[in-house]
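Hello,

Here is the structure I promised to pass on to you. Please open it beside this email, and then read on for what was found in it.

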Amino acid sequence: MPTFIPLLPLVLALPLAGVVLLVLFGGRIGGRASGWLATTMVGFAFLLSLAIAFEYEGLREAPASSGTEADHALDDEGSHSVEEHGASPEWPVIERKLWRWMRVNRSLPLVVAAEPLAVGDTIDETMLDIVDVPYTDALGILDLSISVHRMWSADQALGLVARDAIEVGEVLSDMNVSAGADQIRPLGIPEAVGDFSLDVGLRLDWLSVLMLLVITGVGFLIHIYSTGYMAHDPDRRRYFTYLNLFVFSMLVLVLGSSFLTLFVGWELVGACSYLLIGFWHRSEANASAGRKAFIVNRIGDLAFLVGMMLLWTHFGSLAFGDVLPRAAELTGLAAIAAPLLLLGGATGKSAQIPLYVWLPDAMAGPTPVSALIHAATMVTAGVYMIARVHPLFDNAPGAMAAVAVVGGATALIAALIALVQVDIKRVLAYSTVSQLGYMFMAVGSGAYVAGVFHLMTHAFFKALLFLGAGSLMHAMEHGAEHAGEHPEALDGIPYEQDMRHMGGLLRRAPRTGWTFLIGGLALAGVFPLAGFWSKDEILLEVLAHGGGLYTALYAVGLLTAFLTALYTGRQLLLVLFGEPRSEAAAQAGESPLSMTVPLIVLAVLSIVGGLPVLSALGAPFPERLGDVLGHHAVEGLDKIVLALIASAAALAGLGLAWWMYGRRVPDLGLMAGRAGAASRVLWGKLYVDEAYHILFVAPFVRIARVLWKFVDNGLVDGAVNGVGRSLLAAGQWSRRWQGGRVRGYGLSILLGAALMVAWLFVAAP
Amino acid sequence: MNAVPLGHWLLLTTALFGVGAAGVLLRRNVMIVLMSVELMLNAVNIALVAAARAHGQIEGQLFVFFSLTVAAAEVAVGLALVVAIWRSLGRTDVDDVSVMHG
Amino acid sequence: MLETANAQGFPLLSLTVFLPLAGAVLIALMPKRHPLLDFAIAIMTAGAAFALSTGMLAGYDSDWMVNSPRAAFQFADPATPARWLPGGITFQIGVDGISIVLVWLTTLLSLLALLFSATAVRVRVREYIALMLILETGILGVFCALDLFLFYVFWEAALIPMILLIGIWGGSRRIYASYKFLLYTMAGSALMLVAIIGLAQWAGNGSFHYFDVIGGMVRPALDQRFGIPGTTFAMDLRVALFAAFALAFAVKVPLFPFHTWLPDAHVEAPTAGSVILAGVLLKMGTYGFVRFALPLFPEVAHAAAPWFLTLAVIGIWYGAWVAFAQEDMKSLVAYSSVSHMGIIMLGIFALNAIGMAGGVLQMVNHGLTTGALFLLVGMLYERAHTREIAAFGGLWSAMPRFSVLFLIILFASVGLPGTNGFVGEWLSLLGAYQAHPVWGILGAFGVILGALYMLSMFQRVFFGPQSELSASMTDLTAREIAVLLPLVVLVLWIGIYPATFLDPIEATSTVWAAALRAGAEVAVGP
Amino acid sequence: MSAEVLLFYVVGALLLLSAGAMIRSNDPVHAALWMVGNFLLTAVLYLVLQAPFIAAVQVIVYAGAIMVLFLFVVMLLGAQPMTRSEPIAGHRATAVFGLVALVALLSVAVARAPAAGRMPPPLTGDFGSPEAIGQALFTDWVLPFEWVSLMLLVALIGAVMIARFGSQSEDPEETSG
């Protein structure tokens, strides 16, 4: 008997309770307690998730009896299990309806006469069949019209379930009372697609279990880290409120049992991201970055929204359990449009071309936020979503290819841009964009398991890197305080984030330094760290998918792997090794335990997180994910050779990085886009922001003013005022002729006379 | 050509009538307006006499006789009004006389 | 004639509608000037009306005989139409699922607006309160009237107090604004009166009662459809009558080219006036479409739907775009109303159950969020005596509570899931998409545009370096929070559990949508 | 060209000129004098038209009595400064347009009229003579004649009443404000 799975809503409720408590009582308990309250909530959520995961593992069953155990397990009437399509899943998909959210277009009883009626007949219930159809057609109208003509002695509505006996008038008998479905047919008027009922529900399968663990686990660590990182911020309470709200929203996203529930989380995490990026709102730049993130995300959300409308129009439902098994029913334009629209949504949330521009700016938020939202969880929502709705993509190879191409292009371009960055967080930000591109490449190749696998390992090591970066910034600030002088900010980058001021931090902050090193190597894909396994898996799957496009994408992936190793090696060398390049770096100090313990935990996960042996121990990947996402057997390729090639690319990148930055003291003068045209273009981030500004933002702002000042005040209002003024002027003018002035009347007489003469000419020429 | 056709007479009176009307419409001095009214009457009178001559009928002249009488009465009343206006307003601008009382 | 589910013989609805008026009369009769007493009377009567309407909303039976538009009317009062004036003019009021939520919204917003006004108004307090109460009765009557003439009387009766509120207690250009409002509305509704009289003559057989008229409108089509010799109702006459109704309602909504009275009226109106104006007065227009223009002329509505959808989409884009350029917070909110009302119109003219339900729910939502926004801006204005966006900046640090409440309402306004805005927008857009995908997609762009202007404004006012003015602000008082809190709670309530309002709405709109479709089919013929 | 034709054109031109001068005078006295000239020229035209009696009456009544009345009133009122501004926007332009239109239309009408080319017929000796007019006046037209005399009386009394009550009831100070 499962005890924890029915408690699934509690996982959601805990962080939400944290939000409510912090809003209501946060002011009274103070910032420090607020932090621990929030952390405790997420901690409990994590523990519960673990328990649920273990319990879910125990639900494994033979395919034949699929679902029955879950039915027994959940006595709640809202719960039921749904059998997924595909190769006999071993675990049941558990869905639990929480409440009916929206209901529209309910079925109405239609009255049809069971036998023909004659004039003077009396209808009683036995003579009528009450048929349940979506709507009553003309009956409502009929009763209205008849009441006017007093055809009904009882003056009672027709068709109203015939509760009372009704005397039938002749009109009705002529119509034979069957003026229902068979006589009146649609005439080019769009027909309603039945009952629209939408529930808020949760869905549990291995995919959501994995996401659940990642979100609550990494979220918990980052909460702990934040209590240290934000210890001196006066607005901690607000920070932790947002953070808890984010965890809640993200859980809604991954646990939602329908497109619309997913979308709720989808938008809410965007809102949390907006709030957290602009957390230090006194700075205009932070607020703008938050706004940019929200609006760019909304552009993607629009595509998602339209995609949902399209799906609903075809399926009459948005529940995963209704839509996904029937995905193959989509044909023609809708088959390709629906996944492409969803991809549009994913490019916004997961920062892919063309909507990736918000993510680098999002680094304006507190660093733990970058780690949690903009590296580990929210930005991977696009990958999760595509994996979740993969039957739609499987149904449209064109859309799949689009996903892969978007991912490949993003991976390569972001990696290139990352090469020249000097801001420690920006390197990581572009790295995140690039790695997300990797995941897209994977899901675009049908390798959903590999994509989600990389999602998880990336969550570990990228969260580690961001938290490490935050810890190093902390160390730099500490050092600057010690040294009594702040290094100068170059190119508008704060000194504590500028890698040009760092160097040799491995010695100054060993715990942070070593874990940062582990994270970096995992990102570079060094055997046997987590990144190696997942990246290797992706490259393998892309190549295995076959075809010229995917072979080219394999090359792109390999090149990106090389570039990733290059910029990671560069970052590690600049930050951790060499001589300190500023007093702040020389005197930097280690961060408190609350910050370094999460780093150590994440470092351990980054080391072991990808080991194939874990799967055998019960970890939710990759076989168990395959249970949801489809098993994928790669044949005909030598895995070892491919792994060696990938490792070679990673090592070559690291080697080149050493040759450029480790061999001798790096030349700081050549950084930040000062090493030739190519580096300038990359430093300028390919001028995409500028292009968007010229193409979209500036015209929008200018047209807004024109619309307001010229069109609205001038034309539309001018037309109205013009009519008013001309009427007024006509009144004023004619009033003078009636003002009692003799000559006015005289002139009227004269003109009248002239008109009369003229009329005589016309009438009698 | 030893006589003037009726049309020429009428054209002359039309012109004269127009000049009188112009005086009525364009001038503000009430005296000149009254004189212009007389001018218009005069134009009509000439037209009547010319028509009488052209048709050889005496009635046209009789009409003129009557209209002269009416003109005399009109001038008498009109001037009385002017005097009354002048007394009450101290001015005799036609545009000042735009209300029926006071 | 009209059997209702909730006929207890107790004039619940009449009491709700006329209690505020009675309060106004009572205040007028009060011999001396006791502003406090006046307020007490006003708040008691408005509160009682609110309590009664809450009871009716709770007592509304969504499942009672749901398959006839007529049967959807409940709490009818009197039970059978009473003769009111000679010439077939009757008196009967009743609510269906669409009216009841609007009635409830009206009583709520009126109460809150009165509570807010307790400090905001300092001159001619008595007249002000009395006018607010008269206004409430007028609007309630519009939403309940079951007689076309009665509807028209209430329609105009609601107009007059609003004009006086703007014209007496308004800002510097109040006279211009109130004239413009008056002329616009009158120009629209004059033709409607003609149409109403025409309908009563041609369709209602001399009766102005809603059911008589609507039955008469459908009757000729039915006769023709089933080959029964009878009357005919020329199509061009139908079109003309529809146009007369549509013009009156489009001005009130306001639909795109008829909107320019709105920013002026809003900017000049006192805060409570703006709340009522945006919160419920605009809904009279959309309600008019749902209640009269569409059911009376289903076939014309179907034919004209593309035009209205186009105007609605233009309104969505245009209102948002112009709002983006605004420098005054109030006019920004006013233009945002143009945009949001466009979404409502989009839902209504989808002419299906989902769109209609979404549109009506969005009416409620827009009333709550925009009412709250005007209250918030009004509270800021009371402190700063300016509404210029550029004058603020960094307000969050000075007014954290105010900022949080503003943020929640803002999220509702941009339609974030979890708030009411999302439910309404989603259903409206879905309905529109189902009817005409292109318009649905174009309308959905409002999602982005709304975020653009709202977030820009929010950033400029609340974020960034603190301006001198912002630094001098004090946070909300308990009374102000008490005024806002119900709205915030409702915003979240409807976002999370909309059934409270959506059930009556959808029960009614489903029937109406079916009737509309059937009516159009019958009229066009197979 | 006979003397009649010559007189018509010369006197007609002078008539129009004097009329124009009259309406253009700023001083009412000048205007009155131009009017006298105009009336006298009219009398000449009456003579050309074989209407000696009318000509005589014209001279006596108009150039004599009415003229004197005008001059009296002008003298009584004295010279008054006149503003040239127009209280009605567009009045002058509209008036000129209307005048030109009316005169042009009437001229065209006259020119196109069938009777326009009619030449005066030869006449009997007493056409227009006092006897002939008296004959007609006191036979066929005696009733109108009496009515007109009555009207003159009414006008006389009316003029007196207006002038008198105007002085009694109206106080300039009361109405000036």
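Helices (H or I, at least four residues) and strands (E, at least two) are DSSP runs, numbered from the N terminus. With that in hand, chain D comes to seven helices and zero strands, and its elements run α-α-α-α-α-α-α from the N terminus on. Chain A, in turn, has 29 helices and seven strands.

Before more detail, a word on the source. This is a predicted model, in which local features need pLDDT of at least 70 and side-chain atom pairs count only at pLDDT 80 or more, while totals for chains, interfaces and linings use all residues. Residues are numbered from 1 along each chain as its sequence is written, chains are lettered from A and ligands numbered from 1 in the order in which they are written, and side-chain values use heavy atoms, with hydrogens and water left out.

A residue is called buried under 20% relative accessible area, exposed over 50%, and partly exposed in between (1.4 Å probe, protein chains only). Of the 765 residues in chain A, 59% are buried; of the 177 residues in chain D, 35% are buried. A contact means heavy atoms within 4.5 Å. Among contacts with a separation of 6 or more, residues 24 or more positions apart account for 80% in chain A and for 53% in chain D.

Next, the domains of chain D. Their bounds come from an automatic or database domain assignment, which divides chain D into domain 1 (1-80) and domain 2 (127-167). The C-alpha centres of domain 1 and domain 2 of chain D lie 22 Å apart. Five residues of domain 1 of chain D are in contact with five residues of domain 2 of chain D.

The area buried between these two domains of chain D is about 330 Å², where buried area is the accessible area (1.4 Å probe) that two parts lose on being put together, summed over both. Carbon and sulfur atoms give 76% of that area. On the side of domain 1 of chain D, D:Gln50, D:Pro52 and D:Phe53 lose the most area to domain 2, together 87% of what that side buries.

Three single residues are also worth a look.

A:Ala404 sits in helix 15 (residues 397-418) of chain A. Why does A:Ala404 count as buried? Because its relative accessible area is 0%. The C-alpha atoms of A:Ala404 and A:Phe440 are separated by 5.8 Å, although the two are 36 residues apart along the chain. Leaving out residues up to four places away in sequence, A:Ala404 touches A:Phe440, A:Met441, A:Gly444, A:Tyr550 and A:Leu553.

A:Ser445 is found in the loop between helix 16 (424-444) and helix 17 (448-483) of chain A. At 1% relative accessibility, A:Ser445 is buried. Residues that A:Ser445 touches, beyond four places away in sequence, include A:Met400, A:His545 and A:Tyr550.

C:Asp96 belongs to the loop between strand 2 (89-95) and helix 3 (97-120) of chain C, and is buried at 0% relative accessibility. Its side chain makes polar contacts with the side chains of C:Ser99 (2.8 Å) and C:Arg291 (2.7 Å). A polar contact is a pair of N or O atoms within 3.5 Å; within protein, one must be able to donate a hydrogen and the other to accept it, and residues adjacent in sequence count only if both atoms are side-chain atoms.

Happy exploring!
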